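Visitor: I would like a short tour of this model. Let us begin with the terms and then move to the parts.

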Amino acid sequence: MAIRWIPVVLMLAMTGAQWLTAARAAEPQVPVLWDAKERLPKPDLSALPRLRFLTTTDFPPFNFLDGAGRLSGFHVDLARAICAELGIAEKCQIQALPWAELEGALQKGEGEAIIAGIAATPESRSKYAFSRSYLQFPARFIMPKTKALAEPIFDRLRGRRVGVVAGSAHERMLRDYFSTVQVVPFGRPEELHDDLKAGKVDAAFGDGMRFAFWLGGSDAAACCRFAGGPYLAPEYLGSGMAIATRANDPALAAAFNYALQQISVKGIFAEFYLRYFPVSFF
């Protein structure tokens, strides 16, 4: 599914000057964040002595130790694929460190890049050069399967009770852009899930990836499904995951962009996404 940043027509009925951008699809699909027609220059990294990716071990399914104690996960496969696309697989290494040590290790030259979900913010951009985003996290509604709605759902949700985690970016987004619903805040995601299953709320709104894991797990008991969306709103949810390099090495970040585009065009990213996210959050 190609992600397009478009103003949603339903926003015309709302107050405020901001636009909510949304990616729509009849069913959740694999996200495509790269334009196959864009011509990115192929980098020459033949002079690079080695490429060491730094990551962590405690962020499944992105990074984790498998049953044999081997470093595995979405980020590990993605890093290896990047090295293959850049033609430097023999120079590629992946090292796991505690999260708190990643920045120091990069700055001390103990690695060339961090692939561990560091957010690209104005503050972090003063420390790092970033690739473009390779994965974003949309907001989603989930509803009981027998009552799930399809887009356009703004008017269809009018007056309905929608649960959301209190104090979250998703609560702010829900109140700003779906002002006709009855917002029901919850202290913990587990409480929200329980009330959705029990029919005490009509829908839940929150992070699509976390919802996907819940929908695919035993606790959900196959009760629910995604409804509407997905909604991409960087002003609330950030710009997604990117690879970080040292701030003085933007050329390496640009090389990652080339590799990531090729991985997307060739279907390799889709393979990884479906492997680690069997319930798609798009």
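Guide: Buried means under 20% relative accessible area, and exposed means over 50%. The model is predicted.

Visitor: Does Tyr-128 count as buried or exposed?
Guide: The cut-off for buried is under 20% relative accessible area. Tyr-128 has 6% relative accessibility, so Tyr-128 counts as buried.

Visitor: How many aromatic pairs are there, and which type is the pair of Tyr-128 and Phe-130?
Guide: The count comes to 23 aromatic pairs. For Tyr-128 and Phe-130, the ring centres are 5.8 Å apart and the planes stand at 70°. Planes over 60 degrees apart count as edge-to-face. The pair of Tyr-128 and Phe-130 is therefore edge-to-face.

Visitor: How many residues apart in sequence are the parts that Tyr-177 and Tyr-236 tie together?
Guide: Tyr-177 and Tyr-236 form an edge-to-face pair, 5.6 Å centre to centre with 75° between the planes. Tyr-177 lies in helix α3 (residues 169–177) and Tyr-236 in helix α6 (residues 234–237), so the pair ties together parts whose separation in sequence is 59 residues.

Visitor: Which strand pairs with β3 over five bridges?
Guide: Strand β3 spans residues 51–55, and five of its five residues are buried. Leu-51, Phe-53 and Thr-55 point one way, Arg-52 and Leu-54 the other. Two bridges join β3 to β8 in parallel, with Leu-54 opposite Ile-114. The partner over five bridges, also parallel, is strand β7.

Visitor: Which element gives the largest share of the lining of the largest pocket?
Guide: The largest pocket holds about 730 Å³ of space. Elements that give two or more residues to its lining are β11, α4, β13 and α5. The largest share, five residues, comes from α5.

Visitor: How many charged residues are in the lining of the largest pocket?
Guide: The lining has 31 residues, with Phe-137, His-170, Asp-207, Met-209 and Arg-210 nearest the centre of the pocket. Domain 1 and domain 2 each give at least three residues to the lining. By class there are 19 nonpolar and nine polar residues, and the charged ones number three.

Definitions and conventions
Residues are numbered from 1 along each chain as its sequence is written. This is a predicted model: local features need pLDDT of at least 70, side-chain atom pairs count only at pLDDT 80 or more; totals for chains, interfaces and linings use all residues. Side-chain values use heavy atoms; hydrogens and water are left out. Buried means under 20% relative accessible area, exposed over 50%, partly exposed in between (1.4 Å probe, protein chains only). Helices (H or I, at least four residues) and strands (E, at least two) are DSSP runs, numbered from the N terminus. Two strands pair if DSSP finds at least two bridges between them. On a 1 Å grid over the protein atoms alone, a cavity is a set of points where a 1.4 Å probe fits but cannot get out, and a pocket is an open set with protein on both sides within 12 Å along at least five of seven lines; lining residues have an atom within 4 Å of a point. Grid points are joined across faces, edges and corners, and a volume is the space filled by probe spheres set on the points. Ala, Val, Leu, Ile, Met, Phe, Trp, Tyr, Cys and Pro count as nonpolar, Asp, Glu, Lys and Arg as charged, and the others, Gly among them, as polar. Domain bounds come from an automatic or database domain assignment. Rings of Phe, Tyr and Trp (its six-membered ring) pair if their centres lie within 6.5 Å; planes under 30 degrees apart count as stacked, over 60 as edge-to-face and the rest as tilted.
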